[in-house]
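Please look over the structure below before reading the points. They are meant to be read with the model open.

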Amino acid sequence: MHCALTIAGSDCSSGAGIQADLKTFQHFRIHGLTAVTCVVSETAELVNHVHPVPVEILRDQISLLFSSFPVAAVKTGMLFSAGHVRATAETFRSHPDVKLVVDPVMIASSGSPLLEPDAIAVYEEKLLPLATLITPNLPEAEHLSGWKISSEAGLEAAAIALSEKYRTAILVKGGHLDSADCLDILAIGNTVHHFRSPRIATTASHGTGCTLSAAITALLALGHELPAAIAKAKAYLEETLRHSYTLGSIPCLNQGTTF
């Protein structure tokens, strides 16, 4: 059995965070491990409260899991503070052969901040250079690159620039662009891969970034090469969006194993 670890926040609505990651790992027949960074009281529509886990508890969770399980790949999601980012990076340096996917979670889809401002510099200095892949959405790519992205050409330029800046692979997600379909661009240095998918009319966007990065992590743990892992992960995400549903007034992704 292959193992993957998610280092992220707990979403009580189970649409994002470690809950979404575990459901995605299960779909790909991966044994999922979790190191919780914070407990978040949220739904797809709002974030009520964020309660951070003490940094030493996070550090102990990660160390214990690495010493107890054959972890093949790791993804990070909501890390919340500079201390959490630093502890994650310091622990991971001891495991350079493990694939690391960094989803630089900064802002919730509801608009609520999910990363303290002083954590961004630590992200860039300590964690991003260790990544196998970084998966920013368009607003996060704008923040990391320092320029406005308003076109597919700008999306590609940002992906290449960020890959060169952090010396690793970058998948810039273009779902926020005003376009007929969704274009994500993978840059590995100057080598670029385009991944297009139809824009699906649904309000169930909560947790899409978590789900995509978790699917990529699972496929890397299974031994897939990066471009193939991204293609398969995007196909999985498309199906979760096509099979989305509503509970009460809350739109939800279908992250099950039935399709």
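**Notes on the model**

1. Ser-41 counts as partly exposed, at 33% relative accessibility; the scale calls a residue buried under 20% relative accessible area, exposed over 50% and partly exposed in between, using a 1.4 Å probe and protein chains only. This is a predicted model, in which local features need pLDDT of at least 70, side-chain atom pairs count only at pLDDT 80 or more, and totals for chains, interfaces and linings use all residues. Residues are numbered from 1 along each chain as its sequence is written, and side-chain values use heavy atoms, with hydrogens and water left out.

2. Ser-41 belongs to strand β2 (residues 31-42). Helices (H or I, at least four residues) and strands (E, at least two) are DSSP runs, numbered from the N terminus. Leaving aside residues up to four places away in sequence, Ser-41 touches Cys-12, Val-47, Asn-48 and His-49, where contact means heavy atoms within 4.5 Å. Lys-148 is 107 residues from Ser-41 in sequence and 32 Å from it in space, C-alpha to C-alpha.

3. How many disulfides does the rule give? The count is zero, a disulfide being a pair of cysteine sulfur atoms within 2.5 Å. For Cys-12, the closest cysteine sulfur is in Cys-38, at 12 Å, which is too far for a bond. Cys-12 is exposed, with a relative accessible area of 52%, whereas Cys-3 is buried at 5% relative accessibility.

4. The open sheet has nine strands in the order β3-β2-β1-β4-β5-β6-β7-β8-β9, with mixed pairing; two strands pair if DSSP finds at least two bridges between them. β3 (47-52) and β9 (191-198) stand at the edges with a single partner strand each, so one side of each has no neighbour in the sheet. Strands β7 (residues 169-173) and β8 (residues 181-188) run antiparallel and are joined by four bridges. The bridge partner of Lys-173 in β8 is Asp-184.

5. The largest nonpolar core has 45 residues; Leu-5, Ile-7, Phe-66, Val-74, Tyr-123, Leu-127 and Leu-155 touch the most other members. Such a core is a set of buried Ala, Val, Leu, Ile, Met, Phe, Trp, Tyr and Cys residues joined through side-chain atoms within 4.5 Å. Helix α6 (residues 152-166) gives the most to this core, with six residues. Another core lies apart from it, with 27 residues, including Phe-195 and Tyr-236. In soluble globular proteins, nonpolar side chains tend to be buried together.
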